[in-house]
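I opened this model to look up a few residues and strand pairings. My entries follow the order in which I checked them.

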Amino acid sequence: MKRMDDGRFNKVANIVGHTMQFHPHGDASIGDALVQMGQKDLLIDTQGNWGNILTGSSAAAPRYIEARLSKFALDTVFNPKTTDWKMSYDGRNKEPITLPVKFPLLLAQGAEGIAVGLSSKILPHNFCEICDAAISYLHDQDFRLYPDFPTSGSIDVSKYNDGQRGGVLKVRAKIEKIDQKTLVIREIPFSKTSETLQDSIVKAIEKGKIKARKVGSQC
């Protein structure tokens, strides 16, 4: 995307095609990764229907949606002078080994994956809180930094253990009482969607755990 950048939006299908020069994975996996990055609203400026993290709805096909690097990404993520390069898989291009980012991007975006029998889950954090923590660190001051989720909701960090092995987080939706007959859930737990939350409520009603006349979704 840096090589293609001219300030204008590019079709995601076009970006995927150029990316396959460096990474011979299928176009679907590259497109899905770009959509996830776009939904995090940090590195990618988006245009079109990019789906909804609250409802779980999918983005439109790559030929319909467009993207470009954000000003934040252009300023902090790529610097050719500080980047180590290697030949691409077919020897026709050079690609970065790693990107020396000026900002703790992994903490901001979070990451989740599994390979060679090992799994990793890094939770996302609040952009401003990361900046404050970085300033405190540079001043050799103590700080606390906890995960913060784009779907909002509440979080219990009493057993977080600073994110180290064995730490546990509890996340909850936030429920607002409108009147004697209506409850509204405006913030949902991280990794859940309004659809999965609605399904769990319906199952609880069917099992007699809670009582409700109607369950609906508006997003």
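Below are my notes, from the whole chain down to single residues.

**Ground rules.** I am working from a predicted model, in which local features need pLDDT of at least 70, side-chain atom pairs count only at pLDDT 80 or more, and totals for chains, interfaces and linings use all residues. Residues are numbered from 1 along each chain as its sequence is written, and side-chain values use heavy atoms, with hydrogens and water left out.

**Whole chain.** I found six helices and 11 strands in the protein chain; helices (H or I, at least four residues) and strands (E, at least two) are DSSP runs, numbered from the N terminus. Along the principal axes, the C-alpha atoms fill a box of roughly 65 × 50 × 35 Å. The accessible surface comes to about 15700 Å², and carbon and sulfur atoms account for 51% of that surface. Accessible areas come from the Shrake-Rupley method with a 1.4 Å probe, and for residues only the protein chains shown count as cover. Of the 219 residues, 23% are buried. Buried means under 20% relative accessible area, exposed over 50%, and partly exposed in between (1.4 Å probe, protein chains only). I also looked at contacts (heavy atoms within 4.5 Å). Among those between residues at least 6 apart in sequence, 41% join residues at least 24 apart.

**Three-stranded sheet.** I noted an open sheet with the order S1-S3-S2 and antiparallel pairing. Its edge strands are S1 (10-11) and S2 (44-47), each pairing on one side only. Two strands pair if DSSP finds at least two bridges between them. S1 and S3 (residues 66-69) have two bridges, in the antiparallel sense. Which residue in S3 is the bridge partner of Asn10? The partner is Ala67.

**Hairpin.** S10 (residues 174-179) and S11 (residues 182-187) pair in the antiparallel sense over five bridges. Two residues link S10 to S11 in a hairpin. I looked up Asp179 and found Thr182 in S11 as its bridge partner.

**Thr55.** I placed Thr55 in the loop between S2 and S3. Thr55 counts as buried because its relative accessibility is 18%. The side chains of Thr55 and Ser57 are joined by a polar contact of 3.1 Å. A polar contact is a pair of N or O atoms within 3.5 Å; within protein, one must be able to donate a hydrogen and the other to accept it, and residues adjacent in sequence count only if both atoms are side-chain atoms.

**Thr151.** Thr151 is in the loop between H5 and S8 (154-159). Is Thr151 buried or exposed? Thr151 is buried, since its relative accessible area is 6%. Leaving aside neighbours within four places in sequence, I found Thr151 in contact with Ile53, Leu54, Glu187, Ile188, Pro189 and Phe190. A polar atom of the Thr151 side chain lies 3.2 Å from the backbone oxygen of Ile188.

**Phe143.** Phe143 is also in the loop between H5 and S8. At 37% relative accessibility, I list Phe143 as partly exposed.

**Cys131.** I found Cys131 in helix H5 (residues 127-138). With a relative accessible area of 28%, Cys131 is partly exposed. Cys131 and Pro104 are 27 residues apart in sequence, and their C-alpha atoms are 8.9 Å apart in space.
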